[in-house]
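I opened a notebook for this model and listed a few things to look up. The entries follow in the order I worked.

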Amino acid sequence: MESISVFEIIKVGIGPSSSHTMGPWNAASAFIRIIKRERSIEEVKEVFLEFFGSLAKTGIGHGTDIAGMLGLNGEDYKTIDTTKIDEKIDYIKSTQTLNLGGEKVIPFIYGHHLILNMKKSLDFHPNGMIFRAVFEDGTELVQDFYSVGGGFIASQEKNSIQKQCVRTLYPCHKASDIAKYCEKLGLSKMSDLIFINEESWRTQEETKAEALYIWQQIKECIYKGVNKEGILPGGLNVSRRAAGINRKLLGDKIYKNKDEWFQQVVDAEENFTNINKWIACFALAVNEENASFGRIITAPTNGASGVIPAVLMYSQAFTDSISEDDIIRFLLVAGEIGTLFKKNATISAAMGGCQAEIGVSSAMAAAGLTEILGGSVGQVLMAAEIAMEHHLGLTCDPIRGLVQIPCIERNTMGAMKAITAANIALESDPTKAKVTLDEVIQTMWETALSMSDRFKETSEGGLAIAVNVPEC
């Protein structure tokens with residue numbers, strides 16, 4: 001089985017969806033690379049893109065079409081000026097042209113070259129898409145892609161096309177592997193094992209630097225979110241709430257940048273109600289940014305991107321675990337737990353419902369928090385199990401296909417469950433647990449397989465049809 005770096009699970013992304021925005025964007029970029037490898041951009045006459053299944057049914061709400069066009073246009077979601085996205089899409093649509101790979105302008109008519117096929121799904125995965133390049137000599141190049149969650153993409157020929165296969169020194173494909181190697185090596189902290197395995201990709205210093213970079217991006221995202229008022233895009237007229245909560249909690253305190261704001265949060269009055277509200281505020285801030293095509297940290301998906309930031313920010317503002325080393329170890333452990341779900345179940349709501357997104361992120365956050373609060377390896381794994389156990393069966397039924405209702409609030413619930421799970425695990429003897437993390441991951445996968453497709457990010461069940469929201 002392929003090893004996965006923690007930084008493929010926790011990484012810089014763009015809203016509103018890792019599977020429906022980042023995945024198609026990555027696929028479009030990959031198709032450009034295939035064209036260059038097989039022929040050349042200059043030989044291309046036209047390009048066609050067709051989305052199927054969940055990508056088509058909720059594509060407009062998730063910006064799937066936008067991601068496909070920008071990816072073909074040679075844009076990178078890690079670096080694009082997110083305030084210019086609407087302008088770039090308007091240009092493509094109004095001029096009916098696309099600058100393929102940023103190298104050649106070709107005709108591109110929305111609705112002809114790009115189609116959302118809501119009547120058909122591809123067999124390999126619900127999030128399927130097919131790219132087709134027509135060359136000047138009349139020949140064609142066709143490639144299928146599947147967005148399998150967290151921004152990862154695959155094709156039927158290759159399970160993953162994003163990276164070369166890496167095998168770590170101590171492969172941890174199950175929670176039992178983690179426990180086994182920590183005992184064998186005499187490691188009392190799970191993060192020590194992850195440090196060793198991450199050296200398959202980079203040095204320990206580079207690992208630390210990447211974790212701290214992600215922490216800075218988390219703070220930046222939260223800071224943006226708590227300072228923006230207004231209505232979220234998409235037509236549901238959902239109001240941003242993080243800014244209002246932030247304002248009420250800080251009162252008349254003044255800050256000029258994110259570091260001054262963070263210090264104000266740390267110095268704010270601490271009681272259960274206020275801390276609870278801050279956790280909700282942190283999560284809301286991130287997911288309101290995500291819903292607005294903002295740059296966020298995918299962890300492990302965009303729809304669940306507020307859980308880990310909220311819990312990590314909570315740990316830094318309201319517990320004694322406030323060092324850079326704690327931040328690094330939190331993220332390493334959280335990311336490693338995410339890899340277990342990616343390898344043994346799914347992190348795609350289109351495959352497993354929201355248990356695969358909020359549930360996984362809550363398990364990741366619970367493990368990370370338990371690690372830095374002094375938990376043993378067994379307690380860390382137990383915390384992840386507890387958090388997931390109480391998300392089993394959670395459906396994905398976004399109203400109008402937008403990552404807003406119930407997605408945004410759901411991140412606040414995932415964060416609180418993570419903190420509760422950590423607290424329970426820290427007061428428990430993991431040797432007496434009746435359910436292991438491996439067993440709950442297997443149960444989650446079996447639940448996913450049994451779940452009706454109506455509750456797997458199709459907007460054809462649950463709240464998506466129970467709540468009557470008129471089209472704009």
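Before using any labels, I noted that helices are DSSP runs of at least four residues, numbered from the N terminus. With that numbering, I placed Glu457 in the loop between helix H19 (437–450) and helix H20 (463–466). I also wrote down that the model is predicted.

**Entry 1: backbone angles**

I stayed with Glu457. Its phi is near 60°, a positive value in a residue other than glycine. I noted for context that most residues other than glycine have a negative phi. Is Glu457 buried or exposed? Its relative accessible area is 4%, so I put Glu457 down as buried.

I then looked up Asn237, which is not a glycine either and has a positive phi of about 60°. Asn237 lies in the loop between helix H9 (204–225) and helix H10 (242–250). The relative accessibility of Asn237 is 56%, and therefore it counts as exposed.

**Entry 2: cis peptide bonds**

Most peptide bonds are trans. I recorded a cis bond between Ala299 and Pro300, with omega at about -10°. Pro300 sits in the loop between strand E9 (295–298) and helix H13. I recorded another cis bond between Ile405 and Pro406, with omega at about 5°. Pro406 belongs to the loop between helix H17 (377–389) and helix H18 (407–426).

**Entry 3: a hairpin**

I looked at strand E3 (residues 97–100) and strand E4 (residues 104–107), which run antiparallel and are joined by four bridges. Which residue of E4 is the bridge partner of Leu100? I found Lys104. E3 and E4 form a hairpin with three residues between them, and Gly101 in the turn has a positive phi of about 60°.

In a regular strand the side chains alternate between the two faces of the sheet. For E3, I listed Leu98 and Leu100 on the covered face, and Thr97 and Asn99 on the uncovered one.

**Entry 4: aromatic rings**

I counted eleven aromatic pairs in the structure. For Trp278 and Phe282, the ring centres are 5.7 Å apart and the planes meet at 25°, so I wrote the pair down as stacked. Trp278 and Phe282 are four residues apart in helix H12 (residues 272–290), which means about one helical turn separates them. Both Trp278 and Phe282 are buried.

For Tyr314 and Phe318, the centres are 6.4 Å apart and the planes are at 40°, so this pair is tilted. Tyr314 and Phe318 lie in H13 (residues 307–318), also four residues apart, about one turn of the helix. Tyr314 and Phe318 are both buried.

Ring pairs also link Tyr223, Tyr255, Trp261, Trp278 and Phe282 into a cluster.

Lys93 lies over the face of Tyr110, 4.5 Å from the ring centre. Lys180 lies over the face of Tyr181, 4.7 Å from the ring centre.

**Entry 5: the largest pocket**

How much space lies in the largest pocket? I noted about 890 Å³. Its lining has 37 residues, and those nearest the centre are Ile66, Pro233, Gly234, Ala291 and Phe293. By class, I recorded 13 nonpolar, twelve polar and twelve charged residues in the lining.

Helix H3 (53–57), helix H4 (59–62), helix H5 (64–72) and helix H6 (85–95) each give at least two residues to the lining. H6 supplies the largest share, five residues.

Conventions
Residues numbered from 1 in each chain as written. Predicted model: local features only at pLDDT ≥ 70, side-chain atom pairs only at ≥ 80, totals over all residues. Heavy atoms only, no water. 1 Å grid on protein atoms, 1.4 Å probe; cavity = no way out; pocket = protein on both sides within 12 Å on 5 of 7 lines; lining within 4 Å. Points joined across faces, edges and corners; volume = space filled by probe spheres on them. Nonpolar A, V, L, I, M, F, W, Y, C, P; charged D, E, K, R; others polar. Buried < 20%, exposed > 50% of the residue type's maximum accessible area, 1.4 Å probe, protein only. Pairing = 2+ DSSP bridges. Phe/Tyr/Trp six-rings, centres within 6.5 Å; stacked < 30°, edge-to-face > 60°. Lys NZ or Arg CZ within 6 Å of the ring centre and 35° of its normal.
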